[in-house]
Structure formats: C-alpha cells, structure tokens
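Open the model in your viewer and keep the selection tool at hand. Each stop below says what to select and what is there.

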Amino acid sequence: MPPSSRDDSFEQVVLPHLDAAYNLARWLMRDGVAAEDVLQEAMVRALTYFASFKGINPRAWLLQIVRHTAYGSRALNRGVETVPIEDDDATPAKGDDPEAALLRSRECRQVRALIAALPVDLRETLVLREFEELSYKEIAEATQTPIGTVMSRLWRARQLLTRSAAAEGLP
Amino acid sequence: MSPPKREPMPGCDKVLLVQAELDGELDAAQAAALEAHRAACAICQLAQAELLRARDLLRGETYEPIPDDVRARIMARLRQAEPRTAPTPTRRRLWVFPSISGFGLGAVCAAAISLLILLPQRDDLAGQLVAGHIRALQPGHLEDVVSTDQHTVKPWFDGRLDFAPPVRDFTADGFPLKGGRLDYLDGRPVAALIYQRDKHVIDVFVWPQNGAIAHLARDTAIQGYNVVHWATDGMNFWAVSDLERAQLDEFSALWRKAP
C-alpha cells in the first residue's frame, strides 16, 4: 500500500470501511474462515480497482465488491437451511475472543442463529440495513437490486425473523 | 417509494410504506399521508406492530468490529498485493544496468522496453479476462442462469446490471448458447455469456463502451487462452476461450455481422 495519507488514498477512502466489509462477509458466509478468504480477495480487488473508483460512496462500493466476491465463492451456500441454535459454529460467533462470546446472552445467540438461517438474499438485505445502516438507495446500489425489491426483501426478512422467534419461544 | 411489482404484500399495499417510515425513509409529507391511512387500516397497524417486534429483537445486536488478527492478515495481504500496482524493483534495476555496462546497450534497452510493455499487461484487461474465464471454469462457477434460450438469458440480466447486454444464439452455426452469469471486470459488473464449441467453452464478456479502453483493445493469447475483442451496438465484447484462434475469429465474425 502506498504510505500516502492523502485524502483520496486507498487508506483514507476504503480502509475505514473494513469493519463493514468484514461484517457483511461474516453474515454472508456464516463461517469465519470462509469469510476471511472472501474478505481478503475482496480487499485485493478493491485495491486493484481503486484507481477506477470515481463514486461518492466508497462503503457501498466496497460492500458491493465483498458481496460479489462472496457470491463467486464456492463456499457460499445459497440454499435455505436450518441453523441449529445450540450449535455455536453456526452462529457468527466463531473466531471471537472467548470473553466476548461468554458475555453474549443466549437470546442474542438465538437471534443471530435466526438471522443466519434466513435465505441469503433476505439475510444480506437485513444485515445491510440493520447492521451496516445503509439507506434503501445504498442497499439497492450495493446489491444491484431495484429499491422495490429491497423493500420487499426487508419485509420478508423481518417477518420471517419475528415468526421464527415466536416459534422458538423468544420473549 | 413505490411498492414492489413482485411479491405482493398480503392485504394492504401500504405495508412497505409503514416499514419505510420506521426505517426513516419517508419525508414529512409522505409520513403524514401514511399516518392518515394507518389510522384507518388494521393491516398496517398489525404490520407496524410486527416491524417494531423485529426491531426489538435486533436491539441487543451489537456491531462486531473486525478482530485484530484478521485485520493484521488483511493488511499483510494488501501489502503483498501492492507490487502489482506500484513500479517493481525489477524494472528499476533494468534501467540502471545499461548505464553500468555501456555495452550491448541496444539489446539491453530492447529487452527493458519489451519488459516495460509486458509487465503492465499482467494486470491489464486481457489478464483479467483470462483470469475471469479460468475462475468460471471451476466447478459450479460457470453459469448463474442455465439456458440455451436467448429469451431466458437476456431477461435474467434485467435488474442485475445497469445495461441490457445483447444475447444471441448461434446454435445453427455450431456455437450453442449455454447460459449467462455476472462477472466483475475493469472495476465494474459485466455480463458474461457462455457458449460452447464441441468441448470448448467460450466466455463472452459484455459491457457498454466508454471509449477509455478502446485503445487497449487488441486480440491476444495468454496462458493458452485466446482473447478476441470487438465492439458493436455501443458495447465492448471480449471472447475468451481455449478454442483455436481461427474458430474464435469465426465466432466473433458471427457476432459482428449479426443483425
């Protein structure tokens, strides 16, 4: 990386969004190792393409690359599957330091497992909205999806989440 | 905010606006109009309760920053990737060498110049195209939409790209269409069309012309893969295949003269 600290350098523009990129990779891949692979590839791509980046929203741009890399990954399971709640490996808690994992309440783990069990298109939309706090327009940009579809995916994601939470007997 | 065309919501088409309001996506006038409707709509009231419940469920979730060890590995990987984009030491040494020797200067300069021409190409578009093609040949990577029908493949790209790639079928000429997928090249999403000639797979990468890369466009061969470029209908086309050159030229000629 160039040691430049200019306002328009990769370090200044893209690296501040590394946390966001990591989170999206984690939620998409549902596995710490696969997520790190995706993140590595995505960041190298971002570095390669940075010269041609002329947009105004580097976070949506980076998340789009992460998403594209994840979708190109053999490790991405596109299907719907049940993630057992008791299985810690299935929640995105793997790789965390043990203390933080201990502090996380059982309910949080359950909710995380329910999110992880959502189909990938609903999951990514929900994560971009709730955790990355992207606007509808930014989500549409990052996922290259019409805004109407973003809205209905969000709706279905939230509905599935509340209904499965009720089925699990969450308070 | 207009309601989506697909997946109609049960009961009331304003439900997504209720959601948009909770997400802070409505302006004051829209919110006021919605409020008037919601007061009289039991479905929207239920929807709001359900959405608030979802918000409650997610309230305990905290944003997890990237762990330090992962960050460190990513940064190391980025530093490794840097020499591909920055001038390489090899190149600099080559420039020093002739001045030391002062001997066989012409030959050395020629070698240096050819290296200067060759080095950037590793990262250039043709290299990316071949890399994209090879990546796509890995099991399960080739097609996102599997269809030999151009009228299935073409609409599949709608909403996935900000342009509509032309899709043609050349089955009658011995190049049947196999499907399509999205790829990412030159810093933008592109369409990839997959064709077949006997046992050989042909990838056709398509994206709108922007003039910037027209001067780079030249046919080439990398790692045994032929790369052929043409431009029609305001689109860039790059065909990549291990098919022999003459046949790939035949394929591109079909495209160029297609109506």
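This is a predicted model: local features need pLDDT of at least 70, side-chain atom pairs count only at pLDDT 80 or more; totals for chains, interfaces and linings use all residues.

Read along the sequence, chain A follows the pattern α-α-α-α-α-α-α-α-α. That comes to nine helices and zero strands. Buried residues account for 42% of its 171 residues. Among the contacts in chain A between residues at least 6 apart in sequence, 67% join residues at least 24 apart.

Next, select A:A21, A:L24, A:A25, A:L39, A:L63 and A:V66. These residues touch the most other members of the largest nonpolar core, which has 58 residues. Colour helix α2 (residues 18-29) of chain A, which gives the most to this core, with eight residues.

Now centre on A:V66. Which residues is A:V66 in contact with, leaving aside its neighbours within four places in sequence? They are A:A21, A:L24, A:A25, A:V38, A:L39 and A:A42. Another core lies apart from the largest one; it has 30 residues, including B:L177, B:I202, B:V227 and B:L248.

Move to chain B and select strand β2 (residues 177-185) and strand β3 (residues 188-197), which run antiparallel and are joined by eight bridges. B:G180 has B:L193 in β3(B) as its bridge partner. Two residues sit between the strands of this hairpin, where B:D186 takes a positive phi near 55°.

The hairpin of β3(B) and β4(B) has two residues between the strands, and B:D198 takes a positive phi near 50°.

Key: Residues are numbered from 1 along each chain as its sequence is written. Chains are lettered from A and ligands numbered from 1 in the order in which they are written. A nonpolar core is a set of buried Ala, Val, Leu, Ile, Met, Phe, Trp, Tyr and Cys residues joined through C-beta atoms within 7 Å. A residue is buried if 20 or more other C-beta atoms lie within 10 Å of its own, exposed if 12 or fewer, and partly exposed in between; C-beta atoms are placed from the backbone. Helices (H or I, at least four residues) and strands (E, at least two) are DSSP runs, numbered from the N terminus. Two residues are in contact if their C-beta atoms, placed from the backbone, lie within 7 Å. Two strands pair if DSSP finds at least two bridges between them.
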